[in-house]
Amino acid sequence: MIPAAFDYHAPASLPEAIALLSQFGDSAKVISGGQSLLPLLKLRLGAAEHLVDIGRIAGLEYVREEGGSLRIGGRTRESVLERSEVVRARYPILLDTARVIADPLVRNRATVGGNLAHGDPANDHPATMLALRAEVVAFGQNGERTIPIDQFFTGLFATALARDEILTEIRIPAPPNRTGGAYVKLERKVGDYATAAAAAQVTLDGSGAFTQVGLALTNAGPMPLRSTAAEEFLKGRRATDDSIAEAARRAAEAASPTADRRGSVEYKREMARVLAGRALKKAVERAGGR
Amino acid sequence: MARHDIHITVNGVAQDLQVESRLLLVHLLRENLRLTGTHIGCDTTHCGACTVLLDGEPVKSCTILAVQADGARIATVEGLEQNGKLHPVQEAFWEKHGLQCGYCTPGMLMTGCALLARNKDPTEPEIREAISGNLCRCTGYSNIVKAIQSAAERLRQQ
Amino acid sequence: MSTPRTSPEVCGMGHSMKRKEDPRFIRGKGNYVDDIQLPGMLHMDIVRSPYAHAKIKSINAERALKIPGVLAVITGETLAKYNLHWMPTLMSDTQMVLPTEKVMYQAQEVAAVIATDRYVAADGVEAVEVEYDPLPVVVDPFKALDPSAPVLRTDKKDKKDNRIFHWQAGDRAATDKAFAEADVVVAQDMYLPRIHVASIETCGCVADFDRVNGKLTVYMTTQAPHAVRTVFALVAGHVGLSEEKIRIVSPDIGGGFGGKVPVYPGYVIAVAASVVIGKPVKWVEDRMENLQADSFARDYHIHAELAATKDGTMKALRIKTLADHGYADAAANPSKFPAGLFSICTGSYDLKNAFAEVDGVYTNKAPGGIAYRCSFRVTEAVHCIERITDVLAQELKMDPAELRMKNFIPPEKFPYKSALGWEYDSGNYPAALRKAMDIVGYEALRREQAEKRARGELMGIGISSFTEIVGAGPSKQFDILGLKMFDSCEIRIHPTGKAMARFGTKSQGQGHETTYAQIVAEELGIPAAHVQVEEGDTDTAPYGLGTYASRSTPTAGAAGAMAARKIREKAKKIAAHLLECSPDDLVWEPGKFTVKGAPSRSKTIQEIAFAAYTNHPQGMEAGLEAVSYYDPPNLTFPFGSYIAVVDIDRGTGAVKVRRFVAVDDCGNIINPMIVDGQIHGGLAMGLAPALLEEISYDEDGNITGGSFMDYLLPTAMETPSWETAKTVTPSPHHPFGAKGVGESATVGAPPAIANAVVDALSHVGVRHVDIPVTPEKVWRLLKENGLSE
């Protein structure tokens with residue numbers, strides 16, 4: 001459980017951090033909360049000659065509504081997200097998600113930005129951000145850019161972040177009226193990765209029909225998986241047990257989970273269906289729809 | 001750089017140390033500072049035997065680099081007793097038989113303290129959730145929950 | 001519960017005394033092996049095999065030795081020079097310390113790096129280069145018996161197969177006859193998978209060989225320090241280790257549960273390194289090493305059959321088991337019992353005919369294995385009988401509580417001779433089950449279950465009425481490597497009336513510093529607070545066989561009472577001398593002797609103690625002390641009835657334990673609070689195998705479940721609030737009627753939960769599910785029976 005030796009850098013500013021990342025290229029890794037990276041280094045999987053700690057950079061931890069969106073600083077710890085009043089009141093899907101990440105102690109260090117930037121389809125925030133149609137703000141040598149979440153995950157443990165870029169903010173559009181969201185996770189025990197999990201964020205119109213649907217699955221393939229077929233099916237339709245069940249079926253059909261100790265492919269796919277259904281039902285309830 | 005100077009306050013005592021980049025905080029505490037009350041029970045950040053307070057928050061010290069704790073205030077189990085007087089959480093664990101082999105106990109005490117600092121009257125589900133990052137093999141958790149409830153009462157009466 | 005005989009100040013039996021050991025633990029001042037730092041101490045880390053079965057072509061330590069701080073790399077070749085590369089196991093098999101030819105399980109020790117600190121040692125391990133030639137792997141124990149299977153133990157001359165032992169008990173012919181004549185026969189295959197005890201502290205030692213004085217001290221996570229000392233002396237006597245110059249110290253131990261009984265290769269290598277280098281060597285294993293290489297438990301493939309009359313009277317039990325021991329039989333059983341005490345499998349029932357056989361087999365897995373709070377295979381035996389009893393209940397369409405009541409050994413039949421040869425000391429099984437049923441509200445739960453079933457909701461109620469067999473054991477039958485399984489206590493009373501009591505056992509959290517003091521307090525009336533209890537240092541403690549299999553109270557606790565009674569006998573004579581009367585005129589109450597009919601003429605134990613050194617009778621030796629080596633006349637038989645209530649999520653198959661009621665009977669209780677603590681902990685270690693824990697191997701011998709990522713220990717969120725109660729049926733042969741309790745809950749809980757899950761699905765014909773009852777297993781049963789969401 002001892003990492004191999006590495007050099008450690010603690011830049012005080014973003015430009016400094018970017019410069020280090022550019023300088024060291026492939027031999028450098030960003031460390032944020034360290035709750036994904038350090039376990040890997042301790043097992044001597046994934047070597048890094050240089051760690052660039054962005055923990056000393058001021059101004060990267062915040063949760064606030066501004067300019068029509070919720071803005072979460074990249075270094076915001078999960079426990080801060082959990083305790084945020086605005087999250088509890090207006091973005092309960094985020095509270096659902098934060099609460100099932102690892103355990104309470106890990107959440108005092110793990111950051112939302114790290115959870116996304118790791119590119120792990122087993123992490124919980126990716127699916128939620130997909131359902132929320134979030135945007136990721138990245139800062140690099142060429143300055144700041146905004147990456148829509150649909151373009152953020154590019155492969156297993158791969159994201160659209162360039163070597164020299166740091167995830168500084170996540171933006172989530174403020175929910176219109178009659179919006180509700182939920183994240184439902186099946187895990188073998190507290191602290192585990194998802195056997196299956198689903199994030200649903202929906203908006204209903206006056207007649208109870210879906211005007212917007214975000215549905216995504218965790219650990220259902222090599223990348224966090226947005227269930228576009230299910231979303232398209234529901235748009236315009238009324239929220240009923242049948243429409244939700246059909247959407248969940250379509251979401252599961254598109255999933256390609258891998259077999260492991262958490263379950264066989266068949267079971268995981270079925271659980272994706274069951275949980276997608278439960279997440280949608282709960283989101284609809286919270287939208288005031290049923 | 002592979003070696004760093006760090007300034008860290010542990011149980012109220014300021015320390016200046018030079019450490020390897022890869023030194024884990026738990027080893028800094030146990031080996032460099034000889035505070036062996038914080039324990040190691042796993043290698044995958046699951047068991048929580050290494051729990052300490054960092055700037056008041058309970059964290060797993062095996063998954064933090066000592067260099068990341070530069071400038072931080074660390075509280076370990078050794079700092080709970082003040083001037084020969086046990087902390088109410090310690091009294092409660094003793095009273096309620098909240099420990100058997102004692103190995104997970106420092107972690108449980110620190111997590112318990114942090115919970116009670118935030119929540120003066122936690123329910124049983126809240127306690128169970130708060131300690132869900134701390135594994136115990138001996139007690140089956142029932143008496144740990146009772147101990148934290150008892151500590152809450154003691155603290156409320158103070 | 002009866003009221004204690006002693007006052008709260010004296011705090012003898014029955015008091016929930018706050019633990020005397022806690023002050024150091026709550027301050028973080030425990031002294032565990034990894035806390036120990038000695039001057040000049042070196043660190044050892046181990047290179048392990050990635051292959052389950054492979055020849056070693058070469059070990060190249062060149063790169064490792066170039067790392068500053070790496071002092072030595074020890075291989076099998078190094079140890080072979082001293083004939084220490086192999087060692088005996090506790091079952092008189094042999095296992096490698098370090099290999100010279102081949103490795104036989106994934107994670108096996110291959111070489112050891114000695115370095116100046118643990119970070120450098122870890123770097124050293126990465127730098128050792130080993131070349132392997134993979135060999136065919138045997139992981140399926142049934143296939144291991146195939147005549148065409150590769151013979152694994154090529155080190156054993158003339159060995160032509162992978163069989164280890166055949167053991168059997170009972171009358172096969174009579175049992176077969178009873179089966180042939182029975183109205184009803186049910187049969188069930190059950191697999192109890194390999195699990196690991198995973199105490200929060202892993203194993204380790206600091207070996208310190210003092211060259212000047214020729215003395216070896218080993219601080220070690222061991223539950224049996226004296227046995228280890230003797231084994232070291234026998235095994236390494238030829239390299240100069242002599243028993244009077246070996247000291248084993250078990251300091252504070254962070255949980256044992258049987259996992260700290262075996263002598264692991266790491267200990268032996270560390271000792272060898274310290275002897276050769278002349279400096280202290282510390283070895284503490286990582287969690288992954290602990291899970292993958294240390295002694296496991298269970299791995300029993302059971303075929304069970306139960307015969308009965310059509311009105312539900314059990315007639316006969318027949319069991320055939322295949323025991324997968326890994327590559328060596330390193331289980332810590334008493335030597336005449338290769339299948340431990342599995343023959344307790346007739347359980348709480350009056351079964352006149354029974355036959356059980358167990359065949360042990362080698363596979364390419366870590367060696368073992370009874371290390372998981374199981375009292376020598378009692379978990380396996382109880383799971384088997386309690387599961388097959390429910391299968392019978394289902395077949396007969398009888399309520400499982402009713403079937404049990406009908407077949408319990410009735411209280412008046414004790415002491416009871418079982419069909420497999422055990423004499424159960426005492427028991428009242430119907431009372432325990434009735435109490436459990438009352439507490440849980442059994443009849444109301446059955447009504448709730450019926451209502452829920454009608455609505456398509458699934459809940460189950462599972463019963464386990466177990467009888468345990470602990471306290472090994474009488475010297476006629478029990479020994480470990482020849483060492484008889486007595487245990488001991490030495491008590492010395494000081495002039496000021498305080499006491500020192502040393503025992504041959506070793507607590508790893510069971511509270512001996514408190515409970516043993518309470519025993520002495522009960523017997524002598526000296527306040528428990530004044531009785532200093534010590535264990536674990538072989539230089540000072542009397543010889544004992546250690547703590548495991550719930551044996552401490554039955555053996556060492558008994559020795560404590562017997563030693564105290566010897567002291568009381570001498571104290572009586574001193575009192576008579578002080579009171580100038582005959583000893584026959586004296587009456588004892590805890591703490592003092594009084595002259596019959598003259599209540600003002602008395603002497604306290606403290607006064608007597610002082611007199612033992614200042615005014616002892618002429619012709620009598622001064623001092624006030626005694627030692628007892630207690631050879632128990634029989635084992636003890638704690639028992640209980642547990643009831644689990646579970647709810648099943650029809651969508652996911654997840655099982656939630658809604659309630660768990662445990663009624664235990666461990667005879668007379670020393671400290672109720674500590675007993676409850678033991679039961680709570682045991683229940684969690686029963687729920688864990690029932691729902692979560694499993695170590696398995698793929699066909700190449702790769703282990704899964706080798707880290708806490710996949711080896712799932714329950715947290716406070718997975719465990720319910722345990723509901724406990726007691727009945728008290730003392731043991732007639734134990735000096736104070738106690739039986740032992742540490743493992744009852746681990747034994748009784750898994751079948752209660754498994755039975756509850758099956759019960760939830762029994763209405764659609766589900767008969768059995770193997771543990772761990774994972775959500776997927778349940779989901780498949782739901783799907784197959786049209787019950788899924």
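The largest cavity has a volume of about 470 Å³ in this predicted model. A search of the whole structure returned ten cavities of 30 Å³ or more. The lining of the largest cavity comprises 34 residues, and those closest to its centre are C:Gln510, C:His512, C:Gln678, C:Val741 and C:Gly742. Three helices of chain C, namely helix 14 (512-524), helix 15 (552-579) and helix 17 (672-691), each contribute at least two residues to this lining. Classified by residue type, the lining of the largest cavity contains 18 polar, twelve nonpolar and four charged residues.

The second largest cavity has a volume of about 330 Å³. Of the 27 residues that line the second largest cavity, C:Asp34, C:Arg118, C:Val284, C:Glu285 and C:Asp286 are nearest its centre. Two or more lining residues are provided by each of strand 1 (42-48), helix 4 (118-127), strand 14 (281-284) and helix 9 (287-293) of chain C. The composition of the lining of the second largest cavity is twelve nonpolar, nine charged and six polar residues.

Besides lying among the residues nearest the centre of the second largest cavity, C:Asp34 forms a salt bridge with B:Arg30, in which the closest N and O atoms are 3.7 Å apart. In total, seven salt bridges were counted between chain B and chain C. Polar contacts between chain B and chain C number 28 residue pairs, with both residues at pLDDT 80 or more.

On the side of chain B that touches chain C, two or more residues are given by each of helix 1 (25-32), helix 2 (88-95), helix 3 (105-118), helix 4 (124-130) and helix 5 (142-157) of chain B. The largest share, four residues, comes from helix 2 of chain B. By class, this side of chain B consists of 20 nonpolar, 17 polar and 13 charged residues.

Contact between the two chains involves 50 residues from chain B and 56 residues from chain C. The size of an interface is often expressed as the accessible area lost when the parts come together. For chain B and chain C, the area buried between them is about 4,600 Å², of which 54% lies on carbon and sulfur atoms.

Conventions: Residues are numbered from 1 along each chain as its sequence is written. Chains are lettered from A and ligands numbered from 1 in the order in which they are written. This is a predicted model: local features need pLDDT of at least 70, side-chain atom pairs count only at pLDDT 80 or more; totals for chains, interfaces and linings use all residues. Side-chain values use heavy atoms; hydrogens and water are left out. Contact means heavy atoms within 4.5 Å. Buried area is the accessible area (1.4 Å probe) that two parts lose on being put together, summed over both. A salt bridge is a side-chain nitrogen of Lys or Arg within 4 Å of a carboxyl oxygen of Asp or Glu. A polar contact is a pair of N or O atoms within 3.5 Å; within protein, one must be able to donate a hydrogen and the other to accept it, and residues adjacent in sequence count only if both atoms are side-chain atoms. Ala, Val, Leu, Ile, Met, Phe, Trp, Tyr, Cys and Pro count as nonpolar, Asp, Glu, Lys and Arg as charged, and the others, Gly among them, as polar. On a 1 Å grid over the protein atoms alone, a cavity is a set of points where a 1.4 Å probe fits but cannot get out, and a pocket is an open set with protein on both sides within 12 Å along at least five of seven lines; lining residues have an atom within 4 Å of a point. Grid points are joined across faces, edges and corners, and a volume is the space filled by probe spheres set on the points.
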